[in-house]
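Welcome, and thank you for taking a look at this structure. Please have the sequence and the 3D view open side by side as we walk through it together.

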Amino acid sequence: IDAERLARQAGSARATNMVMVGAAARLLPVKLETIEHFVATLFAAKGAKVVEINLRALAAGREAAAGR
């Protein structure tokens, strides 16, 4: 997975780790909604734009992993 490219497409290369979390999410015994809630809570203080970028990066990683 080209995590940096996907993160840039989501809005920020700084979201590279979140792309990888999304890719790994299918293997974790945690519901996607729980991860999304955690991401939103974790980045809430940084503003809605940062939350949205990270949620897009999470989704991009998940989609990329599904295609493998």
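What covers the buried residues of α4? The cover includes α1, α2 and α3. Before we follow that up, a word on the ground rules. This is a predicted model, in which local features need pLDDT of at least 70 and side-chain atom pairs count only at pLDDT 80 or more, while totals for chains, interfaces and linings use all residues. Residues are numbered from 1 along each chain as its sequence is written, and side-chain values use heavy atoms, with hydrogens and water left out. Helices (H or I, at least four residues) and strands (E, at least two) are DSSP runs, numbered from the N terminus.

Let us start with α1 and α2. Helix α1 covers residues 3–10 and helix α2 covers residues 16–25; the two pack at an angle of about 110 degrees, and their axes are 8 Å apart. Here axes are lines fitted to C-alpha atoms, for helices over the stretch in contact, and angles run from 0 to 180 degrees between N-to-C directions. That angle makes α1 roughly perpendicular to α2 (angles under 35 degrees count as roughly parallel, over 145 as roughly antiparallel, 65 to 115 as roughly perpendicular and the rest as oblique). On the α1 side, Ala 3, Glu 4, Leu 6 and Ala 7 meet Thr 16, Val 19 and Met 20 of α2, where contact means heavy atoms within 4.5 Å. Sorted by class, this contact has 5 nonpolar, 1 polar and 1 charged residues. For these classes, Ala, Val, Leu, Ile, Met, Phe, Trp, Tyr, Cys and Pro count as nonpolar, Asp, Glu, Lys and Arg as charged, and the others, Gly among them, as polar.

Leaving aside neighbours within four places in sequence, Val 19 is in contact with Ile 1, Ala 3, Leu 6, Ala 7, Ala 57 and Gly 61. Val 19 is also one of the residues with the most contacts inside the largest nonpolar core, which has 16 residues; others on that list include Ala 15, Met 18, Ile 35, Val 39, Phe 43 and Ala 57. A nonpolar core is a set of buried Ala, Val, Leu, Ile, Met, Phe, Trp, Tyr and Cys residues joined through side-chain atoms within 4.5 Å. Two or more residues of this core come from each of α1, α2, α3 (32–43) and α4 (48–66). The largest share, 5 residues, is given by α4.

That brings us back to α4. Its 19 residues should span 27 Å at 1.5 Å a residue, and its end C-alpha atoms are 27 Å apart, which agrees; the expected span is 1.5 Å times one less than the number of residues. The buried residues of α4 are Val 51, Ile 53, Asn 54, Ala 57, Leu 58, Ala 60, Gly 61 and Ala 65 (buried means under 20% relative accessible area, exposed over 50%, partly exposed in between, with a 1.4 Å probe and protein chains only).

Is Asn 54 buried or exposed? At 7% relative accessibility, Asn 54 counts as buried.

Finally, turn to α3, where Ala 40 is found. Ala 40 is partly exposed, with a relative accessible area of 26%.
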